[in-house]
Amino acid sequence: MEVLRPALINIRGRVYRRNIIKEDHYEEEEELSYLGPTESEDLAADETCDTNLIEQTDKGYRCAIDIPSVLYKYIIGKKGETRRRLEFDTKTSINIPKPGVEGQIVITGPHKAAVSSAVTRVEVIVESFRKKQPFTHFLSFPLKDPKIQEGFLSFKDEVLKQCSQDHGVDGSIFQNPAKLHMTIGTLALLNDTEVRKACEHLKECQTFIRDITEGNPLLLEVTGIEYMNDDPAMVDVLYAKVNVKDRSDKLQVIADRLVEHFVSVGLMVREWDRVKLHGTVMNTLFRKDSTACPLHSGVFPVEDTGGPRRQTTSEREAFDARNILKKFGAYRFGEFELNAVLLSQRYSTDCTGFYTTAGSTNFS
């Protein structure tokens, strides 16, 4: 980031700049400077935030904000410096629950404008650091139909029989058939409240999904394979191509509308103009970690979760897919009726081996 051209954030008509400062406690922390309102302070103070109500009390004004506990540390700052600076600058008091305890951050002050200013600055900090959190859930179209699973297992057997001599090709890099799916998008849901909110929004999407499908399941065919990068001799992800049987764009429209909706309510960050619909069948992330979730073609951060350590880009051993593409490029996995969208938890699996479902909505 250029010092003379800092990134700007606009919240309810006020513009803030991000100043990056290095601290020992975090890899980096953002210091936020108020540049002034685009409208008068009095009008801004009289406005009520869409989600936060500033209430008048016997001692002044009060506002309670719902913020996930994982973000408390960014509002507190190193040794409490950020909170003290916010309180000093806005002449307010900011009460934050203990670390790990879900609750509300309560801001109090003698003047409504002061509380409003503190609320806005807290929101800026939260918005900035929320974008840096690893995703916890993902929306997907499930491909765990028995016919598709059977076709996938046959594909795996034939590939290992005919191509196991090729560099990097072995049984460990194949997807678990119970986890076959098409990723629509990823979400960082930081507490149970946000998970419930996402489930509610997914249910709301059922209206436009039914309009698109006319209340009927979509007949899909899974035929052909493709790879993610430019060199078929050095592949990390191989995926099955999925299309609607009648060649309509209904599945693509549903996926794009879902992303549009979840982006609009602040639960998802847009990554691409259109969703790339695909079902991963081979991924080098699985070579050392059978629990990894192959969302898109990216590599997940290494996390200390007590489970298997996930690979970084430098640790991934690509495989030679040229023979696989030549012999199985038009492989037919099968066809099935799709009737649901799932909201699933990252890395967490149920007794069947599929990702734990937090929410779902049906086409019919």
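Predicted model: local features only at pLDDT ≥ 70, side-chain atom pairs only at ≥ 80, totals over all residues.
Helices here are DSSP runs of H or I that span at least four residues, numbered from the N terminus.

Helix α5 covers residues 146–163, and both lysine 161 and glutamate 158 belong to it. They sit 3 residues apart, about one turn of the helix. Their side chains form a salt bridge, with the closest N and O atoms 3.5 Å apart. That distance qualifies because a salt bridge needs a side-chain nitrogen of Lys or Arg within 4 Å of a carboxyl oxygen of Asp or Glu. Side chains of opposite charge can pair when their charged atoms come close. As for solvent, lysine 161 counts as exposed at 60% relative accessibility, while glutamate 158 is partly exposed at 27%.

Next, have a look at helices α3 (residues 81–90) and α4 (residues 112–130). Their axes come within 9 Å and cross at roughly 150 degrees. Angles over 145 degrees count as roughly antiparallel, and α3 and α4 are therefore roughly antiparallel to each other. The crossing of α3 past α4 is right-handed. On the α3 side, Thr82, Leu86, Asp89 and Thr90 make the contact, and on the α4 side it is made by Ala114, Ser117, Ala118, Arg121, Val122 and Ile125.

The side chains of aspartate 89 and arginine 121 meet in a salt bridge, at 3.3 Å from N to O. This pair links distant parts of the chain, since aspartate 89 lies in α3 and arginine 121 in α4, 32 residues apart.

Our last stop involves a strand and a loop. Arginine 247 and glutamate 221 meet through their side chains in a salt bridge of 2.5 Å, N to O. Here too the pair links distant parts of the chain: arginine 247 is in the loop between β11 (237–244) and α8 (250–264), and glutamate 221 is in strand β10 (residues 218–227), 26 residues apart. Arginine 247 is exposed, with a relative accessible area of 57%, but glutamate 221 is buried at 9%. Both belong to a network of salt bridges that links Glu221, Lys245, Arg247, Arg332 and Glu335. Across the model, the count comes to 16 salt bridges.

Definitions and conventions
Residues numbered from 1 in each chain as written. Heavy atoms only, no water. Axes fitted to C-alpha atoms, helices over the stretch in contact; angles between N-to-C directions. Helix = DSSP H or I, 4+ residues; strand = E, 2+ residues; numbered from the N terminus. Parallel < 35°, antiparallel > 145°, perpendicular 65-115°, else oblique. Left-handed = near helix turned anticlockwise from the far one by under 90°. Contact = heavy atoms within 4.5 Å. Buried < 20%, exposed > 50% of the residue type's maximum accessible area, 1.4 Å probe, protein only.
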